[in-house]
Amino acid sequence: MKNWKIGTRMSAGFGAVLVTVLFLGIFAFAKVKSVENSVREVLDYSVPKVYLLGKIQKNVQLIYALALEHIASADRQKMAAIDAEIEKVRATNVEEISDYEKLVKTDRGHALLREFQAGRSAFLASLEETL
């Protein structure tokens, strides 16, 4: 390298910088793609699951409140209307749970879903017994 002319040295240095920039660009592009894939995963699966679980939870709370109202009521007409409303909310929950099941991809997610279904069955059994 001592015998190289100044033009050759500058070209070699510029070439080294160019190769380094090229490798950094490729590395950065790969990382951006990785982040994009992670964001897509969150947007396509995580956010919809959280949204659906929030709706399911709200509906369960509504069913519970309606059941308490049913218990406190002595009017048969009002009780029948409450029963109809409970059935409507339960049907909505069945659809939302079905949509949620489609989004579950992991073994842990399926295990938690089975646990949820068992708890839901117990809740619905006690609700039927109460009403």
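A: Start with the angle classes. Angles under 35 degrees count as roughly parallel, over 145 as roughly antiparallel, 65 to 115 as roughly perpendicular and the rest as oblique. Axes are lines fitted to C-alpha atoms, for helices over the stretch in contact, and angles run from 0 to 180 degrees between N-to-C directions. Helices are DSSP runs of H or I with at least four residues, numbered from the N terminus.
This is a predicted model: local features need pLDDT of at least 70, side-chain atom pairs count only at pLDDT 80 or more, and totals for chains, interfaces and linings use all residues. Residues are numbered from 1 along each chain as its sequence is written, and side-chain values use heavy atoms, with hydrogens and water left out.

Q: At what angle do helix 1 and helix 3 cross?
A: Roughly 15°, and the axes of helix 1 and helix 3 (residues 107-130) come within 11 Å. Helix 1 and helix 3 are therefore roughly parallel.

Q: And how do helix 1 and helix 2 pack?
A: Helix 1 (residues 6-72) meets helix 2 (residues 76-103) at about 160°, with the axes 9 Å apart. That makes the two roughly antiparallel. Their contact holds 17 nonpolar, four polar and ten charged residues. Here Ala, Val, Leu, Ile, Met, Phe, Trp, Tyr, Cys and Pro count as nonpolar, Asp, Glu, Lys and Arg as charged, and the others, Gly among them, as polar.

Q: How do Arg90 and Lys102 classify?
A: Both sit in helix 2. Arg90 counts as buried, at 18% relative accessibility. Lys102 counts as exposed, at 62%. For Arg90 and Val60, 30 residues apart in sequence, the C-alpha distance is 8.2 Å. For Lys102 and Tyr45, 57 residues apart along the chain, it is 9.6 Å.

Q: Which charged end sits over the ring of Tyr45?
A: The test needs NZ of Lys or CZ of Arg within 6 Å of the ring centre and within 35 degrees of the ring normal. Lys105 has its charged end over the Tyr45 ring, 4.0 Å from the centre.

Technical notes:
Buried means under 20% relative accessible area, exposed over 50%, partly exposed in between (1.4 Å probe, protein chains only).
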